[in-house]
Amino acid sequence: LAEAPVVRDAEALRVTITAGPTREALDPVRYLSNHSSGKMGYALAEAWARRGAQVRLISGPVTLAAPTNVERVDVTSASEMLSAAEQSAAESDIFIGCAAVADYRADTVAEHKLKKADASDTMTLTLVKNPDIVATIAARSPRPLVVGFAAETRDLERYARDKLTRKGMDMIVANDVSSAGLGFGADDNAALLLWHADDTIERQALPAQAKTDLADAIVDRVLSLYANRAA
Ligand code: CTP
Ligand code: CA
């Protein structure tokens, strides 16, 4: 088993990470969300902190405890996550969007519990798109180095390249969430890293491994991109 690096090679870097799902209220007792466990984002926070970075973890509702030496900011909805992210990004060197942000929210949140209608067996919800947090941070000037994730069930590389470019990220971590035992909720994950280098997009495939090990491999690559950017 490989030993986790104890090198403090991220000292003095300020890193903001979003993690977990968001919850979008429908009424006082119901919400829309997804199955994100937060494990990948928390593993990244742990790795950065262990390597000496000053870490702020903006977390949606998950059952995990904050890693040692990590400042955790709890949020619920995508719009709360966006406000916290914008504040934190202004004082960060690196921003990592690992959260599974709900793509849509209810256009209006009912003030009282929604009641079943006797007259109809169906119900229609009108949803509106949430702001894109990673893209918003990437559009700031000045801005931190921006890393995003992509969870896909098919055409992994094609969709990930598209997200990397469209959202103005510096790097993307693409996960195939259709493989058994990997991705959402699992302890292991594989990833394809894609990043801009001059006029091309470079790639590195990271094989299936514990999310804690994967986190260190991602930190390695981000540190090398950050060093090139600063140079
Ligand atoms: N993301 C974000 N804000 C959103 C939606 C996504 O910051 N409102 C970020 C995620 O944290 C991730 C990246 O964008 O870093 C890609 O998320 P993903 O759900 O894979 O992509 P989407 O652009 O939402 O596209 P789709 O779900 O349709 O594949
Ligand atoms: Ca999405």
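**View 1. A99, D103 and I133 meet ligand 1 through polar atoms.** A backbone N or O atom of A99 lies 2.7 Å from an oxygen atom of ligand 1. This is a predicted model, in which local features need pLDDT of at least 70 and side-chain atom pairs count only at pLDDT 80 or more, while totals for chains, interfaces and linings use all residues; side-chain values use heavy atoms, leaving out hydrogens and water. Residues are numbered from 1 along each chain as its sequence is written, and chains are lettered from A and ligands numbered from 1 in the order in which they are written. D103 brings a polar side-chain atom to 3.0 Å from a ligand 1 oxygen atom. On the ligand's nitrogen side, a polar backbone atom of I133 is 3.0 Å away from a nitrogen atom of ligand 1. Taken alone, ligand 1 exposes 570 Å², and the protein buries 76% of that (accessible areas by the Shrake-Rupley method with a 1.4 Å probe).

**View 2. Here is the shell around ligand 1.** Of its 14 residues, G97, A99, F149, K163 and K167 come nearest (a residue is near if one of its heavy atoms lies within 4 Å). By class, the shell has eight nonpolar, two polar and four charged residues. β9 gives the largest share, four residues.

View 3. You will find D103 in the loop between β6 (94-97) and β7 (104-106) (strands are DSSP runs of E, at least two residues, and helices runs of H or I, at least four, numbered from the N terminus).

View 4. Phi of D155 is near 45 degrees, a positive value in a residue other than glycine.

Note on methods:
A polar contact is a pair of N or O atoms within 3.5 Å; within protein, one must be able to donate a hydrogen and the other to accept it, and residues adjacent in sequence count only if both atoms are side-chain atoms. Ala, Val, Leu, Ile, Met, Phe, Trp, Tyr, Cys and Pro count as nonpolar, Asp, Glu, Lys and Arg as charged, and the others, Gly among them, as polar.
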